[in-house]
Amino acid sequence: MKDKRQRFVDSWICSNYQVLTESQAAQYRNESSFQAAYANIKDAGLSPECLAIIEGRWSRNGATSVNGRYYPEHFWNEQLAKEQTQFLLRKGLMWMMFGHVDRGVEDKDAEKGLVAGIVTHLQVIDQPVTINGKDYEPGDLFGRAIITSMDAGKNTYILLSLGSDISISSRGLGEYIVGETHMTEDGDRLPIMNPETYELETF
């Protein structure tokens, strides 16, 4: 049966973005997901240099994307519980492209130096917590990634180092919940993403 889902690329206004200091980053370099991502860069015949590790609040449950789609409560919890999502994280295969590119990230993007980073950690915050000096609230989707030495990674690293605010885009296959909408405080009705059929590809 043909997959009727479509690809959704949704932008999120990120906060708490920071480039970790070397002492902060050192604690994560031995994690298996980091090592897998690092190995993938080398296997692709590219420079294995990791320019930096970045982290921040990438999205949250019960939130609306810049594109006007509502992601319901517990949405990201359900995605992180899926084996496919954990497989991509575990194997260092969640490649990142910054900017609103309306498609998935492919092998040819790595060959062209367009892969800016690789996601190594995603976590839904379940209680108020401070991570590396930044405060997070329950429902926040916390993300961490390595920035590659590819051209896209270098450009991203420069922007972040200069303190630029950037958005990040979630990319995945999915569909809306049929017959349901989310009403905003302004009275607008927004389509609701279906957490059951959604398949996260990357950010």
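This briefing covers strand pairing, salt bridges and one surface patch. The model is predicted. An open sheet of three strands is ordered β1-β11-β14, with antiparallel pairing. The structure holds seven salt bridges. A nonpolar surface patch is made by Y157, I158 and L162.

**Three-stranded sheet**

- The strand order is β1-β11-β14, and the pairing is antiparallel. The edge strands are β1 (6-13) and β14 (199-202), each of which pairs on one side only.
- On average, neighbouring strands of this sheet are turned by 35 degrees against each other, direction ignored.
- Eight bridges join β1 to strand β11 (residues 167-174) in the antiparallel sense. In this pairing, F8 stands opposite G172 in β11.

**Hairpin**

- Strand β12 (residues 176-183) runs antiparallel to strand β13 (residues 189-193), and four bridges join them. H182 stands opposite L190 in β13.
- β12 and β13 form a hairpin with five residues between them. In the turn, G187 has a positive phi of about 90 degrees.

**Salt bridges**

- R69 forms a salt bridge with D10, with the closest N and O atoms 3.0 Å apart. This pair links distant parts of the chain, 59 residues apart. R69 sits in the loop between β4 (63-64) and β5 (70-71), and D10 in strand β1.
- D10 is buried, with a relative accessible area of 0%. R69 also counts as buried, because its relative accessibility of 14% falls under the 20% cut-off.
- R144 forms a salt bridge with E55, and here the closest N and O atoms are 3.0 Å apart. The pair links distant parts of the chain: R144 lies in strand β10 (residues 140-148) and E55 in strand β3 (residues 50-60), 89 residues apart.
- R144 is buried at 4% relative accessible area. E55 counts as buried at 0% relative accessibility.
- The side chains of E83 and R90 meet in a salt bridge of 2.9 Å, N to O. E83 is exposed, with a relative accessible area of 52%. R90 counts as partly exposed at 40% relative accessibility.

**Surface patch**

- The nonpolar patch made by Y157, I158 and L162 has an area of about 310 Å².
- L162 lies in the loop between α6 (151-161) and β11. L162 is exposed, because its relative accessible area of 68% is over the 50% cut-off.

Key: Residues numbered from 1 in each chain as written. Predicted model: local features only at pLDDT ≥ 70, side-chain atom pairs only at ≥ 80, totals over all residues. Heavy atoms only, no water. Pairing = 2+ DSSP bridges. Helix = DSSP H or I, 4+ residues; strand = E, 2+ residues; numbered from the N terminus. Axes fitted to C-alpha atoms, helices over the stretch in contact; angles between N-to-C directions. Patch = residues over 30% accessible without salt bridge, like charges linked within 9 Å, V, L, I, M, F, W, Y side chains within 5 Å. Areas by Shrake-Rupley, 256 points an atom, 1.4 Å probe, with all protein chains shown as cover. Salt bridge = Lys/Arg side-chain N within 4 Å of Asp/Glu carboxyl O. Buried < 20%, exposed > 50% of the residue type's maximum accessible area, 1.4 Å probe, protein only.
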